[in-house]
Amino acid sequence: LKRPPPAPPLSVKRPASGGPPATSEARRAGAMFSDDAYNKNIHKDAPDGGPGTLIGNWAEERVLRDATGEGRNVPQRHIPRSGLLEDFTKTPAIHRKADDTFNRVYGPKDAKEPEPASRTIGAPDRHAGKIVKTGPRENLMATGRIDAAEAEVQAEEEEVAQLANVRHFETSTGVAHCKPDEVQAEKATFGRKSFKREILHGPTADRTLTLNNEGMDVPTHVHYSNAETVTHARMALDHPRMRSDVNHSAMTGYSAFGRNSAFTKPTGHASMAAKDEELEKMFHSLKSTQPLRSIGGHQPRGVFAEVPSLATLKTFVHAKIAEAWGAYGYVRLRQRLFDVANHEGYVHKADVVTIFRDELAMSPEEVPDEYLDTYLTQHATMKKAELKIGNFMTSLRPILPQKQKRRVLEAFRALNPNGGEIRLGDWLSTLQDEDLRATVVAAFGAQEEEQVAGTGVNEQVFMELFADLAPFIEVDALLAPC
């Protein structure tokens with residue numbers, strides 16, 4: 001056997017740079033080794049004029065395309081490579097569309113890395129659960145069950161949220177131990193008193209010093225926007241020695257500390273002829289003014305005039321008490337509250353509303369239930385739905401002015417208290433009004449004056465009694481004999 005002649009060297013295919021151009025024989029020899037050389041003349045190569053050289057399934061592809069106009073791959077056509085054999089750096093001007101025979105025959109390659117059988121055998125099926133086993137009806141029923149369950153859970157959560165917002169007054173101490181009655185409360189037998197305040201500030205001052213200053217008054221039946229705030233400057237204005245230490249402008253404005261517009265105007269804009277002379281008159285007129293004046297009134301002013309206020313509610317109840325029970329209205333109200341209260345002095349909110357509706361003829365149109373419930377709930381501090389009568393009366397009735405408190409305290413001391421208490425009969429003997437004496441006797445739960453003549457009354461009870469009488473009776477008339 002003879003070996004075939006060796007392939008032409010590369011120099012035959014690729015001419016040396018700078019050498020003469022390749023001959024036509026060399027070009028044909030190089031073209032025979034290119035992909036475009038196959039099937040160029042398939043009708044001429046065969047003797048019978050049939051398909052010549054075909055590679056793979058190109059014959060079937062040719063017949064299929066001729067018969068149907070469609071094939072299984074991108075139709076191939078020859079693109080001349082003129083000049084490419086001389087200069088391999090050139091690129092074709094037209095790019096030929098071609099497909100990948102391997103992708104067409106075997107399909108696209110999977111990017112998944114091959115795994116050994118030791119890992120794939122026994123591994124969970126990644127297609128598990130993809131087989132549909134339930135129909136549309138079962139899916140709708142399951143959706144309905146889920147919606148019903150969510151609705152029930154939401155309703156339960158709303159109830160739990162409402163229970164979480166309920167105000168509980170029970171504590172661990174209150175559950176484990178029984179709270180003693182307030183009527184049985186006593187002061188500590190072996191109490192110890194600290195003298196820290198006396199060491200730092202000296203002896204305790206007399207209470208009557210503060211009770212003689214009108215700047216300490218807090219009118220509870222006046223809307224806060226119509227009342228002056230209790231401040232050190234306001235208190236100093238009513239003190240004879242501290243008044244000169246307060247720095248403020250001329251008190252001829254809208255309120256005690258309001259600036260006068262004429263006082264702050266420039267000279268060119270002032271309407272007065274001589275500003276200095278007018279200001280001198282202004283300062284002289286301050287001697288007759290009241291520096292502790294206030295606007296007063298329970299109704300708020302301005303854009304908030306229609307907003308309900310607590311001062312308006314108290315004023316309306318005050319008028320109803322005067323209309324139903326007269327001058328001793330607050331004493332009668334306290335007595336009626338104690339009639340329905342427990343032994344500790346607590347009364348239920350519903351009982352207070354019943355007294356207001358039935359005995360004071362207070363209709364829901366005049367005072368809505370929401371107003372009363374909001375006001376009474378603010379006083380239910382120790383128990384859930386019960387309020388202390390003393391604290392409620394202090395809030396409802398008009399406050400006793402400071403100077404009147406001083407007069408009551410002086411009258412109490414004038415009755416010579418023994419152990420901090422006076423005999424009720426000693427004060428009743430000074431009253432000339434028989435109706436007032438009968439009302440006070442009934443307020444202490446008796447029918448005759450002799451039954452309560454020896455009852456001990458401390459300073460707090462004596463002050464509360466006068467605070468109940470002061471809204472409709474002059475305190476000076478009650479204290480005149482004292």
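K349 pairs with D373 in a salt bridge (a Lys or Arg side-chain nitrogen within 4 Å of a carboxyl oxygen of Asp or Glu), with 3.4 Å between the closest N and O atoms. Because K349 lies in helix α15 and D373 in helix α16, the pair ties together parts 24 residues apart in sequence. K349 is buried, at a relative accessible area of 15%, whereas D373 is partly exposed at 42%; buried means under 20%, exposed over 50% and partly exposed in between, with a 1.4 Å probe and protein chains only. The model is predicted, so local features need pLDDT of at least 70 and side-chain atom pairs count only at pLDDT 80 or more, while totals for chains, interfaces and linings use all residues. Residues are numbered from 1 along each chain as its sequence is written, and side-chain values use heavy atoms, with hydrogens and water left out.

The chain holds 22 helices and four strands, taken as DSSP runs (H or I of at least four residues for helices, E of at least two for strands) and numbered from the N terminus. Of its 482 residues, 25% are buried.

A search of the whole structure finds 18 salt bridges. One of them joins the side chains of K320 and E366, at 3.5 Å from N to O. Here K320 sits in helix α13 and E366 in the loop between α15 and α16, 46 residues apart. K320 counts as buried at 11% relative accessibility, and E366 as partly exposed at 40%. Another salt bridge joins D468 and R334, at 2.6 Å from N to O. This pair spans 134 residues, linking helix α21 (residues 459-469) to helix α14 (residues 329-339).

In contact (heavy atoms within 4.5 Å) are L310, L313 and K314 of α13 with Y371, L372 and Y375 of α16.

Turning to the loops, A361, between α15 (349-358) and α16 (369-377), has a positive phi near 55°. N416, in the loop between α18 (402-414) and β3 (421-423), likewise has a positive phi near 55°, and N416 is exposed at 63% relative accessible area.
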